[in-house]
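Hi,

Here is the model I said I'd send over. Have a look at it first, then read on for what I found.

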Amino acid sequence: MEGEEKPTQETDMEPVVTSGASETVPRVPSGDPQNISDVDAFNLLLEMKLKRRRERPNLPRTVTQLVAEDGSRVYVVGTAHFSDDSKRDVVKTIREVQPDVVVVELCQYRVSMLKMDERTLLREAKEVSLEKLQQAVKQNGLMSGLMQMLLLKVSAHITEQLGMAPGGEFREAFKEASKVPFCKFHLGDRPIPVTFKRAIAALSFWQKVKLAWGLCFLSDPISKDDVERCKQKDLLEQMMAEMIGEFPDLHRTIVSERDVYLTYMLRQAARRLELPRASDAEPRKCVPSVVVGVVGMGHVPGIEKNWSTDLNIQEIMTVPPPSISGRVSRVAVKAAFFGLLGYSLYWMGRRTMNLVLSLPAAQFCLQRVSEARPGR
């Protein structure tokens, strides 16, 4: 279930009558349920699934339908990461289409949010601690780690304003997928260390400073109107788009390249499924699959644009070597950090010493020492 691996499709469903494709629904033999074969048991569960699947599903307006070359169907749910409406859209879509695969905009580094409760996530999202900073730097390197923490600060700002933890639609997708027979759950986003390292490599030193400055001083309040607009548009992605709009290379690495990666993962999931056979003598049978993708609204146009194009996934998975400006910036950041730390220790020590010496007891001791000196 790792984001970097190609989803491997296993046998999940029998032929089914779907929109436009006429196929045969399997017949389940009658008899003692304790004596049925594995194939018959599979057919029985599959028949239950097909009865729930709607031939013409009543889908929310946030759903975009795509069709693969082999007839497999993909329903892409465009969501806002801080919206209860988006969670309901995801639940309704999965229940209507009874998918074979659910793909979400997460990678293995963020999969922990799927099993956390809302209260824990809300507390974690609000806290941007030194421990998180150290973990981000250790995982992604100094500059990428600092960039990740600044983006977490943006998310924490929205979380605090709205009182809602991000990623609720992914947790709902995980829960609903577990209720659908033979449904697989795939992580469809590019690993976050690759994204941040490529983003940092795309910026010049002064662009990094300018972006970090903008992220550090993000504190605008979010009004009730913003909350309502959040139900129609992804507020987090909108804010990010406004901040990185003047950095085309940053937009390319954080948004456009991930559009390509998400499209690739959805196409990998949307492959024809091979049905089980009672014996090796039976001919192989394959049917189109049904996939539900859960992604931020900002990625839907890019996925539609890339759906029918040839994709070079290796190109966007490589991390370029650090440039001269990148090496200089890292040295400058380290020098500034240790310089600031040294000056802070010196200042605190000097102030503490002056404070101690100003105490009456210290003044008395100094006076006695001065009087006790020889020659006085």
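Let's start with a pair in helix H6: Glu 172 and Lys 175 both sit in that helix, three residues apart, or about one turn. Helices here are DSSP runs of H or I with at least four residues, strands are runs of E with at least two, and both are numbered from the N terminus. An α-helix has 3.6 residues a turn, so residues three or four places apart point the same way.

Before the rest, some housekeeping. This is a predicted model, so local features need pLDDT of at least 70 and side-chain atom pairs count only at pLDDT 80 or more, while totals for chains, interfaces and linings use all residues. Residues are numbered from 1 along each chain as its sequence is written, and side-chain values use heavy atoms, with hydrogens and water left out.

Glu 172 and Lys 175 form a salt bridge, with their closest N and O atoms 4.0 Å apart; the term needs a side-chain nitrogen of Lys or Arg within 4 Å of a carboxyl oxygen of Asp or Glu. Both ends are partly exposed, Glu 172 at 21% relative accessible area and Lys 175 at 45%. For burial I used under 20% relative accessible area as buried, over 50% as exposed and anything in between as partly exposed (1.4 Å probe, protein chains only). The helix as a whole (residues 168-177) is largely enclosed by the rest of the structure, because seven of its ten residues are buried. Among them are Phe 170, Arg 171 and Glu 176.

Glu 176 has a salt bridge too: its partner is Lys 179, with the closest N and O atoms 3.2 Å apart. Here the two ends contrast, with Glu 176 buried at 5% and Lys 179 exposed at 51%.

The structure holds 13 salt bridges. Another one pairs Arg 284 with Glu 274, the closest N and O atoms being 2.3 Å apart. Arg 284 is in the loop between strand E5 (273-274) and strand E6 (286-287), and Glu 274 is in E5, so the pair ties together parts ten residues apart in sequence. Arg 284 is exposed at 56%, and Glu 274 is partly exposed at 30%. Elsewhere, salt bridges that share partners join Glu 105, Arg 110, Asp 189 and Arg 258 into one network.

Now the sheet. Five strands form an open, mixed sheet in the order E1-E2-E7-E3-E4, where strands pair if DSSP finds at least two bridges between them. E1 (63-67) and E4 (184-187) are at the edges with a single partner strand each, so one side of each has no neighbour in the sheet. Neighbouring strands are turned by 20 degrees against each other on average, direction ignored. E2 (residues 73-79) and E7 (residues 290-296) run parallel and are joined by seven bridges, with Val 77 opposite Val 294 in E7.

Helix H2 lies across E1, E2, E3 (101-104) and E7, at about 165 degrees to E2. Axes are lines fitted to C-alpha atoms, for helices over the stretch in contact, with angles from 0 to 180 degrees between N-to-C directions; contact means heavy atoms within 4.5 Å.

Which residue of H2 (residues 84-97) did I look at? Thr 93. Thr 93 is buried at 0%, and its side chain reaches the backbone oxygen of Asp 89 at 2.8 Å. Beyond neighbours within four places in sequence, Thr 93 contacts Leu 59, Pro 60, Val 63, Tyr 75, Val 77 and Val 292.

Cheers

How values were computed: A polar contact is a pair of N or O atoms within 3.5 Å; within protein, one must be able to donate a hydrogen and the other to accept it, and residues adjacent in sequence count only if both atoms are side-chain atoms.
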